[in-house]
Amino acid sequence: MSRVILFFLSLAVSLGLVRAASCQYLIYEDKMQLEIFHQELQSASKENLITIIKAKEEDPFRRAAAVRVLAEKYLEKADP
């Protein structure tokens, strides 16, 4: 019985089925991390947001959130 389970588990790993399931969780965690940084940076000044965006050593999700906040706060919305 345990050999059968081991066989199917090995088959699932080799076909990428196990990894595909874990990628869904990674995408969810990425979205959550981006949202946390977005909320954190809502009160940041324009200069601080630009500094975060320019800093190469910053977390990529923090930089992306800074771009999003900067666009929401300081870019004018065009009327359609």
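Q: How does Glu58 count by relative accessibility?
A: Glu58 is at 25% relative accessibility, so it counts as partly exposed. The cut-offs are under 20% relative accessible area for buried and over 50% for exposed, with partly exposed in between (1.4 Å probe, protein chains only).

Q: And what am I looking at here, in terms of the model?
A: This is a predicted model, where local features need pLDDT of at least 70 and side-chain atom pairs count only at pLDDT 80 or more, while totals for chains, interfaces and linings use all residues. Residues are numbered from 1 along each chain as its sequence is written, and side-chain values use heavy atoms, with hydrogens and water left out.

Q: OK, back to Glu58. Which residue does Glu58 form a salt bridge with?
A: Glu58 pairs with Arg62, and the closest N and O atoms are 3.2 Å apart. A salt bridge here is a side-chain nitrogen of Lys or Arg within 4 Å of a carboxyl oxygen of Asp or Glu. The side chains of Arg62 and Glu58 are also joined by a polar contact of 3.2 Å. That term takes a pair of N or O atoms within 3.5 Å; within protein, one must be able to donate a hydrogen and the other to accept it, and residues adjacent in sequence count only if both atoms are side-chain atoms.

Q: Why would side chains like that pair up at all?
A: Opposite charges can pair when the charged atoms of the side chains come close.

Q: Is Arg62 buried or exposed?
A: Arg62 has a relative accessible area of 18%, so it is buried. Arg62 sits in helix α4. Helices (H or I, at least four residues) and strands (E, at least two) are DSSP runs, numbered from the N terminus.

Q: What does Arg62 touch, beyond residues up to four places away in sequence?
A: Arg62 touches Phe37, Glu40, Leu41 and Ile52. Contact means heavy atoms within 4.5 Å. With Glu40 there's a salt bridge between the side chains, at 2.4 Å, N to O. That pair links distant parts of the chain, since Glu40 is in helix α2 (residues 17-40) and Arg62 in helix α4, 22 residues apart. Glu40 counts as partly exposed because its relative accessibility is 44%.

Q: How many salt bridges turn up in the whole structure?
A: The search finds 4. One of them joins the side chains of Glu72 and Arg68, at 3.8 Å, N to O. Both lie in helix α4, 4 residues apart, about one turn of the helix. Glu72 is partly exposed at 41% relative accessibility, and Arg68 is partly exposed too, at 30%.

Q: Which residues are linked with Arg68 in a network of salt bridges?
A: Glu35 and Glu72 are linked with Arg68 in that network.

Q: Switching topic: what's in the largest nonpolar core?
A: It has 9 residues: Phe37, Leu41, Ala44, Leu49, Ile52, Ala65, Ala66, Val69 and Leu70. A core here is a set of buried Ala, Val, Leu, Ile, Met, Phe, Trp, Tyr and Cys residues joined through side-chain atoms within 4.5 Å.

Q: Which elements give two or more residues to this core?
A: Those are α3 (46-54) and α4 (60-74). The largest share, 4 residues, comes from α4.

Q: What about Ala66, which residues is that in contact with?
A: Leaving aside neighbours within four places in sequence, Ala66 is in contact with Leu41, Leu49, Ile52 and Ile53.

Q: Now Leu34. Where does it lie?
A: Leu34 lies in helix α2, and at 22% relative accessibility it counts as partly exposed. Beyond neighbours within four places in sequence, Leu34 is in contact with Phe61, Ala64, Ala65 and Arg68. Leu34 and Phe61 are 27 residues apart in sequence but 5.4 Å apart in space, C-alpha to C-alpha.

Q: And Gln33, what does that touch?
A: Not counting residues up to four places away in sequence, Gln33 touches Asp59 and Phe61. Gln33 is in helix α2 and is partly exposed at 28% relative accessibility.

Q: Last one, the overall layout: how many helices and strands?
A: The protein has 4 helices and 0 strands. Of its 80 residues, 16% count as buried. Among contacts with a separation of 6 or more, residues 24 or more positions apart account for 58%.
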